[in-house]
Amino acid sequence: MKKILLNKYNTVAVLSVAFLVYCGLSFAGFNLGMTGAVKNTIKILETNKRNQSNLNIKGNFTGTGSSSVRKSDAVGTIKKIAVITYNWFRVENINSTDFSIPIMTNEIGKPVGLVFIDDQDKVAGCLQIVASSTDTLNLLPLTKVKDGVTQIDLQLISFSTDTYGNIAVPEYDPVGADKEIPFSQDEKILAAKITKVLGSILKDPDINNNGIVDFIENRFFKIGFRYGLNVGQLPAGGTDGTYSATIDPVVTLNGFRIDCKIFPDYVNNSLPITFPATYTWTHGSYTGHENSDSLTQNFDGPGEGTVPPVDGEYIVDANSIGCGTLTFNVVGQQDAVDSILILAPTFHISGGKLQKISWVWKAYNNLAGDPIDGSAFVDNLAIQISGETSTSYNSYGGVPPDVGYHNWAGTTISGSDTEHVIGVNNLDWAADCHGILFRYDDKFGNRVNVSFRK
Amino acid sequence: MKRICCLILIIFTLISFSPGIIVFGEDNKGKIGIGLNYPGFSVRYFKSDRTAWEAKLQTETNILVVGARLNKYSNLRSNNKIQIIKGLEVDLVSFKGDTAEGYGMAAEVFLGGEYSISNKLSLQLDFGPALVFLMDRDYKDVKANSLEFVLNLGINWYLRGK
């Protein structure tokens with residue numbers, strides 16, 4: 001009995017020592033469990049993330065003392081901000097009425113949308129600035145930011161609604177010729193029109209209709225359109241000189257494809273897409289995926305269709321991948337089509353050979369207007385020249401079978417470039433240049449094919 | 001701290017009902033133990049009398065740590081009730097912070113002791129430096145390395161002893 005009691009006293013003594021050691025070490029700064037160490041490292045990571053950003057977007061919800069309201073009939077504190085680009089999204093938590101969002105390196109150069117989410121996980125509003133009497137801009141076009149700008153202060157954010165959903169209107173508009181995002185008025189309107197389809201998603205981001213903001217569910221459902229256009233005629237040309245292409249007054253649509261992406265689980269899926277009932281023309285000639293094309297997940301459209309898509313509900317059946325039925329209420333489609341950027345090319349010919357192509361960018365609905373700054377809108381450009389029966393030349397070189405019979409190593413062309421020197425010296429204008437395709441990805445997530453033929 | 005006090009209270013309660021028989025002997029091989037540590041649990045298996053492999057999981061709000069430990073046991077002054085443990089721990093980490101979400105790894109060398117409370121139950125305390133590496137899921141160039149000091153407290157319940 002005495003031995004058992006002694007044993008227990010020993011146990012108590014050991015446990016007491018252990019307890020004291022535990023308390024001492026924890027007070028000395030030791031982390032309790034590995035999760036404690038991870039917590040500390042998360043703080044370091046978040047500081048690194050903030051420091052790595054060259055640009056912060058800030059603002060507040062209180063201003064002169066008004067509460068952070070969602071809209072007049074509902075009050076909610078803003079707790080999260082979803083930061084959206086055309087090909088990614090993230091959700092930042094905020095803990096006060098002031099916010100400061102770091103814009104990461106890979107977000108600069110893209111349009112960035114902000115969706116404010118309240119403590120009920122409802123959309124308080126999507127950032128919206130006025131571009132014109134008929135156009136609003138729902139993404140900040142960080143495709144062009146003035147040198148040295150490290151902060152954009154949107155100041156007081158006011159919440160309200162418009163026809164398409166909840167909006168968040170900043171007191172300060174940073175987009176303007178002499179502002180942090182130095183877009184001319186024409187460029188600002190153009191950006192507003194080009195991004196209307198995405199803007200409509202951001203205003204009501206519950207595409208799977210389950211009552212929860214998609215971004216909170218770690219989802220971003222996006223729809224876009226890819227166009228192929230016949231824009232005009234190549235000049236007859238001559239042996240020596242510079243010759244400009246003729247641009248048709250009316251665009252001819254070669255075809256389009258709907259481009260539906262589901263982030264972050266980006267996988268190639270083949271999902272059925274139902275067009276709005278008002279689109280009565282032939283469509284659906286292709287439903288599938290292109291494994292080789294990183295820009296496309298699901299697409300559908302008339303291969304040879306000549307009628308552009310219309311506004312309305314595009315329904316994607318994503319039940320097969322557990323995402324339910326996705327309803328995209330597309331608006332501003334005609335604006336997007338009208339505002340497609342095209343190149344107005346000039347061909348430099350010497351000795352009957354094409355030496356160089358130079359160009360300016362124009363908005364299709366404003367050919368007489370000033371040239372558009374391609375660096376603000378165009379990500380990359382590829383030029384493909386076809387002979388009578390096959391491809392004669394690619395600006396990007398290419399590998400078989402995607403290669404011209406006048407092949408070379410190739411080069412990349414960016415939106416800021418205004419000319420391309422032909423990489424071979426034997427590209428005959430008369431024999432090898434029957435059609436030219438300019439294919440570009442804009443900085444707003446759209447791909448456009450612009451064709452000229454003789 | 002409240003949780004720690006509760007844990008201690010539970011241990012003391014268990015002691016009062018325990019016969020106080022030594023857990024560790026020279027024949028540990030094959031023993032299996034289930035551990036409750038702050039903040040998670042583990043399962044260990046004695047591969048030999050002095051070596052135990054351990055799988056562990058720890059979780060807190062928006063943090064998950066899953067890992068493995070190698071525990072090397074040695075006696076303290078021939079007293080089998082207290083064992084010195086030294087070893088290595090390697091973990092995989094996933095996390096979601098205020099402005100970052102991602103994953104990473106952690107590695108720790110530790111030193112501590114395990115005290116047998118009964119023939120089935122023991123208390124373990126160990127500590128050591130840990131290197132934690134985390135990476136943002138969305139921005140692969142956003143990373144953090146940190147040298148942290150970790151303190152582990154837990155109780156082990158041995159299902160089977162030879």
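User: What is the mean pLDDT of chain A?
Analyst: This is a predicted model. In chain A, 87% of the residues reach a pLDDT of 70 or more. The chain mean is 83.

User: In which strand of chain A is confidence lowest, and in which is it highest?
Analyst: The lowest mean, 40, belongs to strand S4(A), residues 74-75. The highest, 96, belongs to residues 419-421.

User: Is Phe377(A) buried or exposed?
Analyst: Phe377(A) lies in helix H6(A), residues 374-377. The cut-off for burial is 20 or more other C-beta atoms within 10 Å. Phe377(A) has 24 such neighbours, so Phe377(A) is buried.

User: How far apart in space are Phe377(A) and Leu341(A), C-alpha to C-alpha?
Analyst: Leu341(A) is one of the residues that Phe377(A) touches; Trp361(A) and Asp442(A) are also among them. In sequence, Phe377(A) and Leu341(A) are 36 residues apart. In space, their C-alpha atoms are separated by 8.5 Å.

User: How many of the ten residues of helix H3(A) are buried?
Analyst: Helix H3(A) spans residues 185-194 and is mostly covered. Its buried residues include Glu187(A), Leu190(A) and Ile194(A). The count is eight.

Notes: Residues numbered from 1 in each chain as written. Chains lettered and ligands numbered in written order. Predicted model: local features only at pLDDT ≥ 70, side-chain atom pairs only at ≥ 80, totals over all residues. Helix = DSSP H or I, 4+ residues; strand = E, 2+ residues; numbered from the N terminus. Buried ≥ 20, exposed ≤ 12 C-beta atoms within 10 Å, placed from the backbone. Contact = placed C-beta atoms within 7 Å. pLDDT = per-residue confidence, 0-100. Lists of a residue's contacts leave out its neighbours within four places in sequence.
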